[in-house]
Amino acid sequence: MRHLLSTEDLGKDDAVRILDTAEEMAAVSDREVKKLPVLRGRTVVNLFFEDSTRTRISFEAAAKRLSADVINFAAKGSSVSKGESLKDTAQTLEAMGADAVVIRHWASGAPARLAASGWIDAAVVNAGDGTHEHPTQALLDAFTMRRNWARINGTASPGTDLSGMKVAIVGDVLHSRVARSNLWLLRTLGADVTMVAPPTLLPVGVAKWPCTVSYDLDETLAAGPDAVMMLRLQGERMNAAFFPSTREYSRRWGFDDRRLQALDSHGLKETIIMHPGPMNRGLEISAAAADSPRSTVLQQVRNGVSVRMAALYLLLSGETHAAPATIQEAQR
Amino acid sequence: MSATPNEATAYLVKGAAIGSGAAADLLIRNGVITETGTGLSVAGATVIDAEGLVAVPGMVDLHTHLREPGREDAETVETGSRAAALGGFTAVHAMANSSPVADTAGVVEQVYTLGRKAGWTDVRPVGAVTIGLAGERLAELGAMADSRARVRVFSDDGICVHDPVLMRRALEYVKAFDGVIAQHAQEPRLTDGAQMNEGDVSAVLGMTGWPAVAEESIIARDVLLAQHVDSRLHVCHVSTAGSVEIIRWAKQRGIKVTAEVTPHHLWLTDELVRSYDPVYKVNPPLRTDEDVQALRAGLADGTIDIIGTDHAPHPSEAKECEWAQAAMGMTGLETALSVVQHTMIESGLIGWDDFARITSRMPAQIGRLQDQGQPLEAGSAANITLIDPAARWTVEPNKMATMGRNSPFAGRELPGRVVATFYQGHPTVLDGSLNTPRTAEGE
């Protein structure tokens with residue numbers, strides 16, 4: 001693995017390897033000293049062209065727990081907003097000796113462009129690009145689901161996939177990089193996916209996607225999903241006539257208290273409710289649902305650090321970079 | 001000998017196939033084809049051995065961006081004209097979206113004069129339909145028509161004349177001087193922020209889509225307007241299967257509509273966008289293979305009348321960036337012949353006579369260029385392109401005459417090569433290389 005750009009081109013072996021490595025990283029995070037020396041002397045740059053405090057601090061925590069040096073480059077409000085090109089920014093980071101660039105960008109494809117351009121030799125990690133992909137979010141979601149699925153099936157998580165699992169992804173699929181990355185990864189891991197959205201918030205071309213499409217959340221819940229992933233709704237969507245009002249959206253596609261009770265009445269004891277955060281409480285998810293025992297929102301945040309540690313470790317221990325010490329050696 | 005150097009030399013082109021027909025000799029003198037036949041021999045004429053080559057009337061591009069005035073960092077009339085000559089073109093229509101916009105007699109005369117001075121090809125300015133391409137008020141179309149540039153083609157290309165009343169008035173008004181409105185068909189609201197064709201690929205890539213309906217709805221409206229006011233409409237760079245259907249329907253009803261397709265839309269599809277390489281970013285966007293096949297069929301059966309290159313050079317920094325930030329457009333003058341040969345001739349859809357129709361006769365007719373697009377026979381103006389159809393070459397943008405390096409065909413091996421271009425009897429290209437420009441007489 002040279003870069004982590006999308007889950008669409010992530011093979012099953014690599015995906016499982018990242019999740020298994022993340023389990024080892026999670027064990028480290030449970031220790032009193034939450035730090036491994038495996039990336040000592042390496043430099044990880046967080047290059048953010050779009051504000052995202054959550055994702056940035058998650059990557060920062062991951063890199064620091066691996067003992068890497070971290071440089072945060074908020075390209076918004078810096079020289080970049082004064083007209084510096086991605087090319088010049090990339091070459092500047094290269095000249096400073098970046099080993100990995102974690103890039104968040106408002107433009108779909110910017111990380112792929114960075115990786116393929118020849119402007120930079122560092123490993124590129126896509127931390128969310130436009131409405132394209134957010135692979136580490138999908139990996140942390142899969143990690144969370146896999147732990148839950150393994151527990152239900154009475155097995156240990158490492159080495160397993162999500163075969164037989166039914167996942168519903170609900171909300172603004174059209175503009176969601178989280179939905180796209182989850183779809184590809186969940187399919188790779190053997191889960192069945194249903195996308196639930198108003199027709200206006202599904203892309204033209206969704207019929208070719210390897211998933212079921214539904215406009216009816218209640219019907220989807222009645223079919224007994226094992227996980228329900230609620231997507232964040234951007235407020236500005238309302239202005240472009242995607243739906244009549246936030247109240248109507250909430251009634252038809254929000255995970256409200258009535259639907260929380262429906263899970264119980266359908267006898268779905270183990271069904272989890274997921275959200276990538278930040279949540280719009282009362283809009284796509286009710287407070288009761290967000291705070292219920294079914295909610296994995298905080299687990300997802302915690303697992304995010306482990307998964308990002310795994311991704312950085314595996315990328316920077318690849319053959320194009322000098323191999324760092326193994327985790328086991330480091331733990332001795 | 002009082003003749004100018006240009007006129008002094010007679011050229012005898014020996015043994016070229018005339019379009020799809022038999023081989024013949026062409027004698028060129030004083031800018032005119034004076035004699036055709038076999039076994040011609042003329043004392044003092046420069047003989048050009050053209051055995052194995054195909055002779056077609058000089059190619060005419062109805063859709064070229066020469067960028068001057070204003071964006072001389074992207075292209076100039078001089079460099080663009082050189083590229084045109086090398087591509088086999090004896091006339092190009094320079095689009096109006098320069099800076100300042102070609103919306104006055106002054107600007108079109110400036111471009112026309114620059115073209116005459118360059119002398120590589122006939123540069124025919126296109127006039128803007130509306131002042132500043134703003135889509136609000138008609139530019140002085142009559143003044144541009146009456147100017148030395150004798151403008152007959154008017155277009156806001158790059159921007160659609162979307163106001164239906166303004167479009168109707170423009171279509172009506174140009175009837176006074178036999179003009180034509182060349183429409184860039186793009187419904188603006190349906191394409192707000194559009195990055196690529198809307199379909200299966202845009203769904204996966206997460207890019208804002210440019211739906212086919214945004215092109216087709218404007219074409220449908222415009223052919224009905226053209227019918228209503230009985231005027232000439234030309235549709236620029238048709239890109240979808242649905243557009244071909246609408247134009248076919250309109251022609252069956254006798255509506256005076258003509259249409260063009262670019263070489264790149266005859267070959268490339270939106271699958272290429274998966275690379276996120278902005279060299280594939282163009283407007284209208286690359287569509288699907290189904291569209292490509294429909295465009296080829298429409299071009300072969302005459303629904304689409306002409307090839308227009310939409311040659312759109314950009315400086316490297318406009319493409320060395322994120323897809324969303326990149327400029328739209330591709331170069332095309334120096335690859336047009338080869339791409340058309342590959343997609344249309346080698347696929348068996350058309351022959352070289354059809355090639356002459358779609359690259360020369362029809363575009364000259366639409367642009368009302370009297371001395372272009374004429375058949376290769378005695379008495380015609382000597383605008384001739386000699387093609388070696390057996391040649392194969394690999395596209396290297398760095399070696400092109402255009403300043404633009406944004407060729408989507410870079411690295412591809414293409415068939416066919418321009419060996420010589422005669423512009424009004426003067427060889428601007430010989431042996432596949434630039435020769436000398438034609439010196440304009442009396443200016």
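Biologist: How many residues of domain 1 of chain A are in contact with domain 2 of chain A?
Modeller: 24 residues of domain 1 of chain A touch 28 residues of domain 2 of chain A. Two residues are in contact if their C-beta atoms, placed from the backbone, lie within 7 Å.

Biologist: And which elements supply the side of domain 1?
Modeller: At least two residues each come from α1, β4 and α11 (297–316) of chain A. Among the contributors, α1(A) gives the most to that side, with eight residues. Helices (H or I, at least four residues) and strands (E, at least two) are DSSP runs, numbered from the N terminus.

Biologist: How do the residues on that side divide by class?
Modeller: The side of domain 1 of chain A that touches domain 2 of chain A has eight nonpolar, eight polar and eight charged residues. Ala, Val, Leu, Ile, Met, Phe, Trp, Tyr, Cys and Pro count as nonpolar, Asp, Glu, Lys and Arg as charged, and the others, Gly among them, as polar.

Biologist: Before going on, what kind of model is this?
Modeller: This is a predicted model, in which local features need pLDDT of at least 70 and side-chain atom pairs count only at pLDDT 80 or more, whereas totals for chains, interfaces and linings use all residues. Residues are numbered from 1 along each chain as its sequence is written, and chains are lettered from A and ligands numbered from 1 in the order in which they are written.

Biologist: Where do the domain bounds of chain A fall?
Modeller: Domain 1 covers 12–134 + 302–331, and domain 2 covers 135–300. These bounds come from an automatic or database domain assignment. The centres of the two domains of chain A, taken over C-alpha atoms, are 26 Å apart.

Biologist: What about chain A as a whole; how many helices and strands?
Modeller: Chain A has twelve helices and nine strands. Its radius of gyration is 20 Å, close to the 20 Å that the globule rule gives for 332 residues, so chain A is as compact as a globular protein of that length. The radius is taken over C-alpha atoms, and the rule is 2.2 Å times the number of residues to the power 0.38. Along its principal axes the C-alpha trace of chain A spans about 55 × 50 × 35 Å.

Biologist: What percentage of chain A counts as buried?
Modeller: Of its 332 residues, 49% are buried. A residue is buried if 20 or more other C-beta atoms lie within 10 Å of its own, exposed if 12 or fewer, and partly exposed in between, with C-beta atoms placed from the backbone.

Biologist: Turning to α6(A), is that helix enclosed or open?
Modeller: Eleven of the twelve residues of α6(A) are buried, so the helix is largely enclosed by the rest of the structure. Among the buried residues are A:R177, A:W184 and A:T188. They pack against several elements of chain A, including α1 (12–29), β4 (123–129) and α5 (135–153).

Biologist: How far does α6(A) reach from its first C-alpha to its last?
Modeller: The helix reaches 17 Å, close to the 16 Å expected; the expected span is 1.5 Å times one less than the number of residues. After α6(A) comes A:G190, with a positive phi near 95°.

Biologist: On to the contact with chain B; how many residues does each chain give?
Modeller: Chain A gives 21 residues and chain B gives 18 residues. On the side of chain A, α3 (86–95), α4 (110–116) and α6 (177–188) each give two or more residues. Of these, α4(A) gives the most, with three residues. By class, that side has seven nonpolar, eight polar and six charged residues.

Biologist: In what order do the five strands of the open sheet in chain B run?
Modeller: The order is β9-β10-β13-β14-β15 (chain B), and the pairing is parallel. Two strands pair if DSSP finds at least two bridges between them. At the edges stand β9 (153–154) and β15 (306–307) of chain B, each with a single partner strand, so one side of each is left without a neighbour in the sheet.

Biologist: Which residue of β15(B) is the bridge partner of B:V261?
Modeller: The partner is B:I307. Strand β14 (residues 257–261) of chain B pairs with β15(B) over two bridges.

Biologist: Lastly, the backbone: where is there a cis peptide bond in chain A?
Modeller: A cis peptide bond joins A:G277 and A:P278, with omega about -10°. A:P278 sits in the loop between β9 (272–274) and α10 (287–291) of chain A. In chain B, the bond from B:N283 to B:P284 is cis, with omega near -5°.
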